[in-house]
Amino acid sequence: MIYIITPVFNRIHFTSQFLNALQKQTAENFKVVIIDDGSTDGTPEMIEQYFPDVILLREKGNLWWAEATNIGVRFAIDHGASYILTLNDDTIPEPDFIEKMLYWSDIFPQSLLGALGLDHIDKNIVYGGQNISWKNRTIISLVDNLEEDQMHGLHEVNFFPGRGLLIPKEVFNNIGYYDSKNFPQTVSDLDFTHRAERAGYKIFCNYDAKIKMYKHESANAFFKNNKSFKNYILYLFSKKGGGNLIWFIKYTIKNCPKRYLLLYILRGLIGRIVGYWRR
């Protein structure tokens with residue numbers, strides 16, 4: 001049984017669209033767990049009224065993505081989950097999304113499978129998996145290196161975000177949960193998959209399992225698209241900032257091989273501090 005784990009907070013429109021999309025799935029062998037972290041816009045009431053089959057866990061509003069997800073994962077495993085699927089509410093899964101995840105999980109039952117991300121308007125690929133090279137201090141996009149006739153099936157990567165990631169239960173049992181202490185919001189999902197890979201689990205981007213994404217709706221996109229000194233500081237230091245310098249340093253220390261550590265940190269810091277102002 002797959003348990004879909006989704007934290008939400010004050011995004012009733014996205015949450016409603018997301019749950020409607022899950023109701024249209026061709027597969028049926030899954031349950032949905034929503035962790036509502038103190039929404040005040042009517043989200044929990046909407047879920048109770050229109051989506052009674054959804055498992056709603058109400059929290060008090062002091063969580064971020066990592067710990068809210070941990071709460072959902074623990075609940076799912078305690079209630080018999082075989083797989084955990086972390087999925088954001090600002091995505092719209094294609095009707096056969098779970099079916100395509102199940103197909104490949106039957107073939108690779110001990111692997112982590114990530115979704116192919118498409119723009120919700122034009123359906124162009126937004127995210128198709130990446131590989132990080134600590135040695136060369138680069139992140140290489142698979143999409144840039146695949147021919148059109150190769151964009152199907154599984155493609156191996158060495159890390160993956162939590163936005164549409166199918167994870168066998170045993171991975172959590174073996175490596176633990178998301179590091180919510182060091183990474184309350186961003187980075188915790190990437191750190192988790194690095195730990196999984198070091199433990200011997202393979203990670204793939206599943207080009208057959210597709211989700212539509214609102215690529216401009218994240219706080220990080222807002223900071224970058226609305227450049228100001230205030231947003232620059234938020235981008236570099238806030239919990240929602242994708243360029244958070246402290247988390248970047250911690251993440252790199254935890255995951256980068258020591259022989260590449262100093263140069264990777266230096267390049268990453270310069271890229272974040274200077275890169276924000278580039279178009």
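Trainee: Which residue in strand 2 stands opposite Y3?

Mentor: This is a predicted model, in which local features need pLDDT of at least 70 and side-chain atom pairs count only at pLDDT 80 or more, while totals for chains, interfaces and linings use all residues. Residues are numbered from 1 along each chain as its sequence is written, and side-chain values use heavy atoms, with hydrogens and water left out. Strand 1 (residues 2-8) and strand 2 pair in the parallel sense over seven bridges, where two strands pair if DSSP finds at least two bridges between them. The residue of strand 2 that stands opposite Y3 is K31.

Trainee: How many helices and strands are there in the protein?

Mentor: Helices (H or I, at least four residues) and strands (E, at least two) are DSSP runs, numbered from the N terminus. Counted in this way, the protein has 10 helices and 12 strands.

Trainee: How many of the eight residues of strand 2 are buried?

Mentor: A residue is buried when its relative accessible area is under 20%, exposed when that area is over 50%, and partly exposed in between, using a 1.4 Å probe and protein chains only. Strand 2 covers residues 30-37, and it is largely enclosed by the rest of the structure because the number of its eight residues that are buried is seven.

Trainee: Which residues of strand 4 are buried on the two sides?

Mentor: In a regular strand the side chains alternate between the two faces of the sheet. Strand 4 (residues 83-86) is covered on both faces, with buried residues on either side: Y83 and L85 on one, and on the other I84 and T86.

Trainee: What separates the C-alpha atoms of L112 and L166?

Mentor: L112 lies in strand 6 (residues 112-119), and it counts as buried because its relative accessibility is 0%. Leaving aside neighbours within four places in sequence, L112 is in contact (heavy atoms within 4.5 Å) with residues including L165, L166, I167 and P168. L166 is 54 residues away from L112 along the chain, yet the separation of their C-alpha atoms is 5.6 Å.

Trainee: Which helix holds F18, and what separates the C-alpha atoms of F18 and T91?

Mentor: F18 is found in helix 1 (residues 12-23), and with 0% relative accessibility it counts as buried. Beyond its neighbours within four places in sequence, F18 is in contact with I4, T6, I34, L87, N88, D89, T91 and P93. T91 is 73 residues from F18 along the chain, and their C-alpha atoms are separated by 6.2 Å.

Trainee: Which residue with a positive phi follows helix 6?

Mentor: Helix 6 (residues 188-198) is largely enclosed by the rest of the structure, because nine of its 11 residues are buried; among them are L190, F192 and A196. The residue that follows helix 6, with a positive phi near 105 degrees, is G200.

Trainee: What is the phi of K123, and what is that of R137?

Mentor: Most residues other than glycine have a negative phi, and most peptide bonds are trans. K123, partly exposed at 45% relative accessibility, is found in the loop between strand 6 and strand 7 (125-127). R137, partly exposed at 28%, is found in the loop between strand 8 (130-133) and strand 9 (138-141). Both have a positive phi, which for K123 is near 65 degrees and for R137 is near 60 degrees.

Trainee: What is the radius of gyration of the protein?

Mentor: The radius of gyration is taken over C-alpha atoms, and the globule rule is 2.2 Å times the number of residues to the power 0.38. For 279 residues, a compact globule would have a value near 19 Å, which agrees with the protein's 18 Å.

Trainee: What percentage of the residues in the protein is buried?

Mentor: The C-alpha trace spans about 50 × 45 × 40 Å along its principal axes. Among contacts between residues at least 6 apart in sequence, 72% join residues at least 24 apart. Of the 279 residues, the buried share is 51%.
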